[in-house]
Amino acid sequence: MKKIGFLSFGHWTPSTQSQTRSASDALLQSIDLAVAAEELGADGAYFRVHHFARQLASPFPLLAAVGAKTSRIEIGTAVIDMRYENPLYMAEDAGAADLIAGGRLQLGISRGSPEQVIDGWRHFGYAPTEGETESEMARRHAEVLLDVLRGEGFAQPNPRPMFPNPPGLLRVEPHSEGLRDRIWWGASSNATAAWAAKLGMNLQSSTLKDDESGLPFHVQQADQIRVFREAWKAAGHKRESRVSVSRSIFALVDDRDRAYFGYGNQNEDKIGFIDEKTRAIFGRSYAAEPHALIEQLAKDEAIAEADTLLLTVPNQLGVDYNAHVIEAILTHVAPTLGWR
């Protein structure tokens, strides 16, 4: 059994070929798709965060709105770039969104991806300390967030406060019990996956990772998951870890599917560089008739290792079509593979 959700980047463009032509469209359609996915029996609604781009950016108003409009589905991010975040303010926003959702938030965070602008986090008021890299800054912000989410007091109260205080040191409010255990780290390397496990974060692994062995993407990703689980076990955490992988998967069940995705030219991994030093491997997409798709997916080692699968959706094709994409996987693929 697997949890199956969707992952939306929330692209929007004023092009007449897009059904998502404004930021308002992207946000409102994201809410509608989450509601539709819950009605279809999907398990998660996840959203990517990019700054300085025509995509979803500030996640917490969206997460809170989805939480208020749904009742069962997990609500998450994949991922929030921690280079841009004030961990204490983030803890307040996340706590509020999680309380509105009734404890359904699954918050994916990470160092982030290549940006639209040069050192965009500087415009948000953040900079690495002396001798610190931007990746180390992101991990430092993440560790502060994890500490704050424990709900322990750390701030000295004012002896003459505006409102009465509880006894002792004060914590960030609102606090949502259990959210600390629902933080995920988006890892591109085996080393950061092990680091995340040590700190008690779940693992999100996307459609790209550092090329560390030259093996096919799904094999490297499966190895990463095993490294994560070994580190989790060594850390002695009491709870069970979770792992998600994301994939572009399309079951070709009607003429629309064949027109959009039946061209079959993305069925191989690709190699590229996400910066000057990092060679990355990008996982293939899957698009085929259900019987062929089932055969292909059964060979994906990383999907087999993960407990959660996030389907990346082409959000600019509209809510109805994306609901169809999700339903096709849940109906025609998941049961045969034992995911349902």
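**Salt bridges and a buried helix**

E132 is buried, at a relative accessible area of 16%; buried here stands for under 20%, exposed for over 50% and partly exposed for anything in between, using a 1.4 Å probe and protein chains only. The model is a predicted one, so local features need pLDDT of at least 70 and side-chain atom pairs count only at pLDDT 80 or more, while totals for chains, interfaces and linings use all residues. Residues are numbered from 1 along each chain as its sequence is written, and side-chain values use heavy atoms, with hydrogens and water left out.

Back to E132: its side chain meets that of R140 in a salt bridge (2.8 Å, N to O). The term covers a side-chain nitrogen of Lys or Arg within 4 Å of a carboxyl oxygen of Asp or Glu. R140, for its part, is partly exposed, with a relative accessible area of 33%. In general, side chains of opposite charge can pair when their charged atoms come close. By the rule above, the count comes to 24 salt bridges.

One of these joins D43 to R340, at 2.6 Å from N to O. D43 sits in the loop between α1 and β2 and R340 in the segment after α11 (319-332), so this pair ties together parts that are 297 residues apart in sequence. Helices (H or I, at least four residues) and strands (E, at least two) are DSSP runs, numbered from the N terminus. D43 is buried, at 16% relative accessible area, whereas R340 is partly exposed at 33%.

An α-helix has 3.6 residues a turn, so residues three or four places apart point the same way. D255 is exposed, at 63%, and R258 is partly exposed, at 36%. Elsewhere, salt bridges link D81, R83, R111, E115 and E134 in a network.

Then there is helix α2 (residues 59-69), whose buried residues are P59, F60, L62, L63, A64, V66 and G67. Their cover includes α1 (23-40), β2 (44-47), β3 (74-81), α3 (87-100) and β4 (105-110).

Finally, P174 is found in the loop between α5 (134-149) and β5 (183-186). Leaving aside residues up to four places away in sequence, P174 touches A91, E92, G95, A96 and L99, a contact being heavy atoms within 4.5 Å. P174 and A97 are 77 residues apart in sequence and 9.7 Å apart in space, C-alpha to C-alpha. P174 is partly exposed, with a relative accessible area of 31%.
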